[in-house]
Amino acid sequence: MASLAWLLIPFAAAVGGGLWAAWAARNRRSGKTGDNNELNGYAAFREAMEKSHSGT
């Protein structure tokens, strides 16, 4: 019976690791990660820097 317990420990760890990996790799909505917001902000920054300023 003790050998069965020693076999269940790595099995439970493998199942737990698989569940965690599935949760970590799940499909997320693109707006939640913040990447799109940052890329849009960078595009706006780059566009603003490329404009010619007539004040100076």
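I began at Arg26, which I found in the loop between α1 and α2, where helices are DSSP runs of H or I with at least four residues, strands are runs of E with at least two, and both are numbered from the N terminus. At 37% relative accessibility Arg26 counts as partly exposed, a class between buried (under 20% relative accessible area) and exposed (over 50%), with a 1.4 Å probe and protein chains only. I then looked up its side chain, and the side chain of Arg26 reaches the backbone oxygen of Trp23 at 2.7 Å.

Before going on, I noted that this is a predicted model, in which local features need pLDDT of at least 70 and side-chain atom pairs count only at pLDDT 80 or more, while totals for chains, interfaces and linings use all residues. I also noted that residues are numbered from 1 along each chain as its sequence is written, and that side-chain values use heavy atoms, with hydrogens and water left out.

Next came the helices. For α1, residues 2-24, I read 33 Å from the first C-alpha to the last, close to the 33 Å expected, the expected span being 1.5 Å times one less than the number of residues. For α2, residues 35-50, the reach is 22 Å, close to the 22 Å expected. The count of buried residues is zero among the 23 residues of α1, and zero among the 16 residues of α2.

Val15 has its place in helix α1 and, at 39% relative accessibility, counts as partly exposed.

Last, I checked the chain as a whole: two helices and zero strands, with buried residues making up 2% of its 56 residues.

Methods: A polar contact is a pair of N or O atoms within 3.5 Å; within protein, one must be able to donate a hydrogen and the other to accept it, and residues adjacent in sequence count only if both atoms are side-chain atoms.
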